Amino acid sequence: MQFTDSIVALSSGHLPSGVAIVRISGPQVRFALETIAGSVPNPRRAHYGPLRSGGELIDHGLTLFFPGPNSFTGEDCGEFHVHGGRAVVSALLAAVSGLAGFRHAEAGEFTRRAFLNGKVDLLAAEALADLINSETEAQRQFAVLNAGGAQSELYRSWRQQLIHARAMIEAEMDFADEADVPGSVSDQVWHDVEMLVAEIDRHIAGYGRAEMIRDGFDVVILGAPNAGKSSLLNALLKREVAIVTDEPGTTRDLVEAALDLDGVKIRVTDTAGLREPAGKVEAIGIARARERARSADLILYLEDLAGPRGSAEAPAETPVVTVGTKLDQVEGGSGNLSSYDVAISTRTGQGLDTLLDLVGERARQAVGKRGEVLPSRLRHVELLREATGYLREALAADSQFLEIKAENLRLASDRIGRISGAVDVEDLLDVIFSQFCIGK
């Protein structure tokens, strides 16, 4: 697809920085390189020299040229590598955007052009966004796997199976009397469709693990007032995140922070102490704590070893790790600890490593084996569910109505094709690419 306008954007990190990269793409790229760098460098070879605007020096830097269609966007692309000062980058962007046919790129526009020119599919584009936003090793590995085409290949194979099944059914309808067409292919086709439905269902079931990788394993700290919840959050994060006092009810709202345990993102939430509320504001905080706990992946239920006090129980449907706190205040560092999964002291650090190991192990078990292809977006899950719905309708339809069965196969393959953009998804493009950063 050939665009009439060219785009420019800063494609590197926040300024100031050691080096900044300004990317350009479109039919006027050669003109921009000649105007600012003085010439078009040899393809894929960096050229060092002065960069000028109207005869005035902007900076000395590297210039690169990537002729289309063998470029990221599929059209002519160029890059200017300059010193990462705000004034330098601002002057360069102003110089390029001031040229005829150029404008500043919108969020995700480089990747959108790559998609429209067939350089990447929607799944690879979304994986690039995940790779840019990855914070942990698990997130990086998940994004790299999908960017490498594993997810695209899986959905492509499913779609091809459905297209083949539909072709066989339609061949049976139209050419049943021909010698080179099997008398009945239905048994094998529908057996394969049943197996495919089961495979897709198993794949959909993995979305929860994909969410954990992308958004984090959700840990909620519960307990009575002054059980040491805020102190534990601060100790885990090794910084002052929550306010800690001896006054019960200090924490009245949710306090959330994230940490990285062996490459897995862990979201830890401190909550209000569970007790009969002393006031309206605290009651709201306790209600939020209970609601947050119901949606958690794991609850750390704290009890003060030095002075336990009763409080409401944790939600029965959520896995719980019982934690005895303030171990340093127990005489001799011992006591009735057998009823707790782990005993800790945030003051001395005793037991914290054991607790982190326990949480990390629970998170790794929940996330599952790395390298497995999982649905990475809710839209994938929704389209896959629509596809299996049509397949179940095809399986349930009377064998006399092969036209209905074939149409359901077509609708199912259409839904799977929409995931990667193999069929029309124009209405989704603005939503998908608006999530990208400028310059990508």
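Student: In which sense do strand β1 and β6 pair, and over how many bridges?
Tutor: This is a predicted model. Strand β1 covers residues 6–10. V8 stands opposite H104 in β6. The sense of the β1 and β6 pairing is parallel, and the count of bridges is 3.

Student: Which are the edge strands of the open sheet of 6 strands?
Tutor: The pairing in this open sheet is mixed, and the order is β3-β4-β5-β2-β1-β6. An edge strand here pairs on one side only.

Student: What does the twist average from one strand to the next?
Tutor: The value applies to the open sheet with order β3-β4-β5-β2-β1-β6. From one strand to the next, the twist averages 35°.

Student: What angle does the direction of helix α2 make with that of β5?
Tutor: Helix α2 spans residues 86–97 and packs on the sheet. Its contacts are with β1, β2 (17–25), β3, β4 (56–66), β5 (77–84) and β6. With the direction of β5, that of α2 makes about 155°.

Student: Which strands does helix α3 lie across?
Tutor: Helix α3 is formed by residues 109–116. Relative to β1 it runs at about 135°. The strands it lies across are β1, β2 and β6.

Student: Which residues lie nearest the centre of the second largest pocket?
Tutor: This pocket holds about 200 Å³ of space. Its lining has 13 residues. Two or more residues come from each of α4 (122–133), α5 (137–147) and α8 (207–215). Nearest the centre are A129, D130, N133, S134 and R214.

Student: How many charged residues are in the lining of the second largest pocket?
Tutor: The lining divides by class.

Student: Which element gives the largest share of the lining of the largest cavity?
Tutor: About 80 Å³ of space lies in this cavity. Among its lining residues are A138, Q141, F142 and L145, along with K369, R370 and E372. By class, the lining has 5 nonpolar, 2 polar and 3 charged residues. The largest share, 4 residues, comes from α5.

Student: How many nonpolar residues line the second largest cavity?
Tutor: The space in this cavity is about 50 Å³. β8 (255–261), β9 (264–270) and α11 (352–367) each supply at least two lining residues. The lining includes V219, L236, I266 and V359. It has no polar and no charged residues, and the nonpolar count is 9.

Terms used. Residues are numbered from 1 along each chain as its sequence is written. This is a predicted model: local features need pLDDT of at least 70, side-chain atom pairs count only at pLDDT 80 or more; totals for chains, interfaces and linings use all residues. Side-chain values use heavy atoms; hydrogens and water are left out. Two strands pair if DSSP finds at least two bridges between them. Axes are lines fitted to C-alpha atoms, for helices over the stretch in contact, and angles run from 0 to 180 degrees between N-to-C directions. Contact means heavy atoms within 4.5 Å. On a 1 Å grid over the protein atoms alone, a cavity is a set of points where a 1.4 Å probe fits but cannot get out, and a pocket is an open set with protein on both sides within 12 Å along at least five of seven lines; lining residues have an atom within 4 Å of a point. Grid points are joined across faces, edges and corners, and a volume is the space filled by probe spheres set on the points. Ala, Val, Leu, Ile, Met, Phe, Trp, Tyr, Cys and Pro count as nonpolar, Asp, Glu, Lys and Arg as charged, and the others, Gly among them, as polar.
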